[in-house]
Amino acid sequence: MHNPLSWSRSPIIRSPLSLRLLGLIVLCSSIFTLVAAAVQIWVSYRSDVASIEQRLSVIETGYRNSLASSAWAIDQELIKVQLEGITSLPDIAHAKVEMEPDGVIRAGSLPENNSTATHEFELDHDGENLGHVTVTASLKGAWANLRRNVRVILATQSLRTFFLSLLLLWIFHYFVARHLTTMANYARRFTLQNLDEPLLLDRHSRPSRRQDELDHVTEAINSMRERMREDLKRQKADEAEIRKLSLALEQSPSSVIICDRAWQIEYANNKFLQLTGLRMEEVIDHHPAFLTADTLSEEENRELWNNVRLQVQRVGVWQGEMQRTRDNGERFWEQVVVTPIRNTDEHPSHYLILGEDISIRKRYEQQLLRQANYDILTGLPNRMLALDRLKLALAQARRDQTMVGVMFLDLDNFKHVNDTMGHDAGDNMLIEASRRISACLRGTSTVARLGGDEFLIILPTLASPGATEQVAERILQTFVPPFHIAGQEVFVSTSIGIAIYPGDGENSTNLLQNADAAMYEAKNRGKSAFQRFAPEMKEVSQERLQTESLLRRALEMQEFELRFQPILRLGDSRIMGAEALLRWNNPTLGMVPPDRFIPLAEETGLIITIGRWVIREACRTVSRWQKQTGDPVIMAVNVSPRQFRDPHFVETVSAALQETGLEGQYLELEITERLILDNNLETDRVLRDLDEMGVRLSVDDFGTGYSALGYLKNYPFDTLKIDKSFVGDLNRDSDDTALVSAIINMAHSLGLKVVAEGVEYQDQLEFLSTERCDYAQGFLFTHPLNEREFLLWCSDHMDG
């Protein structure tokens with residue numbers, strides 16, 4: 001018995017008749033198979049999609065409330081974590097929260113293709129819409145299952161169809177197609193070069209009336225052979241046209257234009273028509289110069305195409321960039337290459353113009369250029385662009401004998417907004433401040449953001465110095481209304497320094513330095529004001545620069561030292577602990593007062609490294625005291641808002657305790673009252689982490705900012721310190737006396753101990769004792785002492 005698989009390799013399988021029969025068999029089987037398979041595959045795919053859509057609905061149910069709570073607290077970090085939790089779910093690719101007014105937080109990434117399912121829902125809190133959540137699920141898995149089902153089902157059905165077809169083919173071959181081998185071999189050898197060879201079958205000749213289908217096919221093939229001999233002559237005439245059309249690269253991703261030797265367009269491919277939006281009849285018989293006529297002047301356009309023509313003739317190619325216009329008026333850029341198409345005698349018969357759309361690259365280049373010259377947050381010119389414009393303004397002023405005004409602006413109390421309300425609120429304030437400043441200037445002026453909360457204004461071609469003061473007045477007035485940031489009214493002013501060319505400086509460097517010095521003079525005189533530069537201000541500016549330079553090296557040179565002021569318990573005058581106070585002893589400046597270098601450290605960010613040293617040194621000192629005396633002394637350390645915002649602050653405290661072996665209960669961190677008003681999750685997390693370490697927490701300078709008693713119950717504070725400004729007026733100001741009494745009573749009702757700062761007189765101490773204040777510190781007991789003096793004072797006090 002013959003092996004059916006061997007027939008699959010025989011010429012019979014490749015004969016037209018066998019293939020036709022096999023095709024019909026396969027077609028009928030495949031139609032039924034495909035219909036059944038399609039139903040099965042579609043049901044499976046819809047099941048996968050429904051599962052994903054159900055998961056999106058479950059996400060809304062499970063995350064709506066938590067996201068709304070996070071959005072209400074304006075906790076972007078927690079929202080980010082929650083969104084990352086959503087994107088970790090199966091099939092969830094991207095999630096974003098759009099919060100009012102224009103904050104967007106994303107997690108994950110959108111799939112590159114469009115096979116996605118999107119689910120949207122609103123975030124509401126107490127009836128107030130907080131934002132909009134969009135969750136995008138990838139259908140990639142569903143499509144993968146669909147492709148897998150297609151492969152498995154089609155493979156199975158194809159195998160069955162294959163074996164059935166082999167059986168039927170064998171029957172057909174045995175009873176019908178044995179003579180088709182000769183016809184198939186003839187067909188395989190059949191070419192235009194052997195049209196003289198007829199088809200002959202090894203069969204007995206039959207009369208016409210007894211001829212069967214094979215005879216008819218043989219006769220038809222031979223008749224076709226004769227007709228093809230006649231057609232061949234006509235086909236050769238068409239080959240040149242076919243060759244030209246093949247060069248058109250119809251499916252090319254680049255736009256293609258073919259011009260004749262007179263530069264008239266003969267052909268344009270589909271890519272070109274898609275890019276330009278033109279129709280073929282609008283392009284044919286036109287010179288390609290009409291494509292750039294909308295983007296260049298007539299003379300420039302003529303010069304461009306003359307250059308193209310000459311360079312193609314001389315060099316054989318022209319390359320360059322052209323800006324063109326689509327039919328809808330939109331402009332786009334193309335990288336264009338023009339080359340000649342030469343005929344057999346090497347003369348140009350046509351010209352080929354290839355173009356590649358580079359609009360995305362050009363936009364990217366423009367974006368990079370803008371990022372290099374403009375501030376990303378405010379959209380204003382940055383320092384580099386501002387200095388370029390200042391130099392141009394000075395050059396023009398030298399030619400025209402005019403003046404140039406330079407104004408240096410710094411926002412007052414901006415760091416307080418950043419510290420208490422967060423960086424997002426600070427960014428929003430900078431954006432609004434830039435708008436207000438810009439609204440006060442004329443078109444030829446420049447306002448730039450130099451960094452942080454500093455702005456520079458350039459006023460070219462001034463007629464008189466008084467014009468700068470008028471602009472400064474307008475700016476100060478526009479800062480009078482409150483800023484509406486995160487649903488709150490915030491009042492922020494600005495200090496302005498003015499320097500004018502040529503009187504206050506001959507170059508940009510001197511003008512900027514002098515305007516900066518004038519600005520600091522405005523701040524020293526009470527802020528929310530402007531000052532014109534005066535020569536004596538330069539000394540103050542240089543002194544500040546010197547102080548900053550020395551401050552940056554003070555920690556390295558070991559110039560910082562701690563002073564300690566005892567804190568006494570009023571009930572029995574026993575020493576409860578001490579407050580560590582930072583002092584800077586510089587060889588050049590001498591003993592620098594804290595109010596001179598602490599604000600500078602805050603402004604430059606050095607307070608973080610300095611504060612880290614203070615905490616570590618304070619812990620090391622009190623640990624040493626406890627080992628020497630055996631007394632459980634508590635060390636209090638002030639923490640600045642910027643230091644508290646340091647992401648590594650908790651790690652700093654923990655490392656200091658572990659390094660010195662000090663238990664957390666003997667370290668008390670004093671947090672300013674303003675800081676706890678920033679009631680957000682990050683503040684709560686830091687305070688809770690410190691409390692878990694056993695660290696005592698105290699509210700410092702209570703009463704100087706806002707009434708924060710309502711917040712105290714939400715945080716794990718142990719102590720409340722009454723600011724010395726209230727203690728100093730005890731028994732002289734009835735309002736302060738009543739206020740101190742109220743603070744003590746309310747603090748005790750919340751379970752807090754009370755420390756009175758700045759006690760200098762005996763009557764103040766007696767009043768505090770009468771009001772049951774727990775602790776006191778101040779010059780009445782002693783001024784801040786170094787470590788040796790403090791231990792001696794404690795020894796004398798204990799003996800007394």
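## Exercises: rings, cores and charges

Phe597 touches Leu551, Phe560, Leu582, Arg583, Trp584 and Val592, leaving aside residues up to four places away in sequence; contact here means heavy atoms within 4.5 Å. This is a predicted model, where local features need pLDDT of at least 70, side-chain atom pairs count only at pLDDT 80 or more, and totals for chains, interfaces and linings use all residues. Residues are numbered from 1 along each chain as its sequence is written, and side-chain values use heavy atoms, with hydrogens and water left out.

### Exercise 1

Place Phe597 in the fold and find which cluster Phe597 belongs to.

Solution. 
- Step 1: Look up the element. Phe597 lies in helix 17 (residues 594–604); helices (H or I, at least four residues) and strands (E, at least two) are DSSP runs, numbered from the N terminus.
- Step 2: Check the burial. With a relative accessible area of 0%, Phe597 is buried. The classes are buried under 20% relative accessible area, exposed over 50% and partly exposed in between, using a 1.4 Å probe and protein chains only.
- Step 3: Follow the rings. Phe597 is linked by ring pairs with Phe560, Trp584 and Trp613 into a cluster. Rings of Phe, Tyr and Trp (its six-membered ring) pair if their centres lie within 6.5 Å; planes under 30 degrees apart count as stacked, over 60 as edge-to-face and the rest as tilted.

### Exercise 2

Work out how many aromatic pairs the structure holds, then classify Phe564 with Phe790 and Tyr715 with Phe717.

Solution. 
- Step 1: Start with the count, which is 13 aromatic pairs.
- Step 2: Take Phe564 and Phe790. Their ring centres are 6.1 Å apart and the planes sit at 55°, so this pair is tilted.
- Step 3: Find where these two come from. Phe564 is in strand 17 (residues 560–569) and Phe790 in helix 27 (residues 787–799), so the pair ties together parts that are 226 residues apart in sequence. Both Phe564 and Phe790 are buried.
- Step 4: Turn to Tyr715 and Phe717. Here the centres are 6.2 Å apart with 85° between the planes, an edge-to-face pair. Tyr715 is buried at a relative accessible area of 4%, and Phe717 is buried at 7%.

### Exercise 3

Solution. 
- Step 1: Set the rule. A nonpolar core is a set of buried Ala, Val, Leu, Ile, Met, Phe, Trp, Tyr and Cys residues joined through side-chain atoms within 4.5 Å.
- Step 2: Apply it. The largest core has 81 residues, and Leu669 and Leu768 have the most contacts inside it. Helix 18 (residues 607–629) gives the most, with 9 residues.
- Step 3: Zoom in on Leu768. Its contacts, again skipping residues up to four places away in sequence, include Leu570, Leu730, Val740 and Ile744.
- Step 4: Look for another core. A second, separate one of 32 residues includes Met407, Leu441, Ile457 and Ile475.
- Background: In soluble globular proteins, nonpolar side chains tend to be buried together.

### Exercise 4

How many salt bridges are there, and which parts of the chain do Arg449 and Asp375 link?

Solution. 
- Step 1: Count side-chain nitrogens of Lys or Arg within 4 Å of a carboxyl oxygen of Asp or Glu. That gives 28 salt bridges.
- Step 2: Arg449 pairs with Asp375, with the closest N and O atoms 3.2 Å apart. Arg449 is in strand 11 (residues 446–451), and Asp375 is in the loop between helix 10 (359–373) and helix 11 (383–400), 74 residues apart. Both Arg449 and Asp375 are buried.
- Step 3: Now try Glu787 and Arg624, a salt bridge of 3.0 Å, N to O. Glu787 lies in helix 27 and Arg624 in helix 18, so the pair ties together parts 163 residues apart in sequence. Glu787 is partly exposed at 23% relative accessible area, and Arg624 is partly exposed at 28%.

### Exercise 5

Is Glu757 buried or exposed, and which network does Glu757 join?

Solution. 
- Step 1: Glu757 is found in the loop between strand 24 (753–756) and helix 26 (762–770).
- Step 2: At 10% relative accessibility, Glu757 counts as buried.
- Step 3: Salt bridges with shared partners join Glu757, Glu579, Glu670 and Lys721 into one network.
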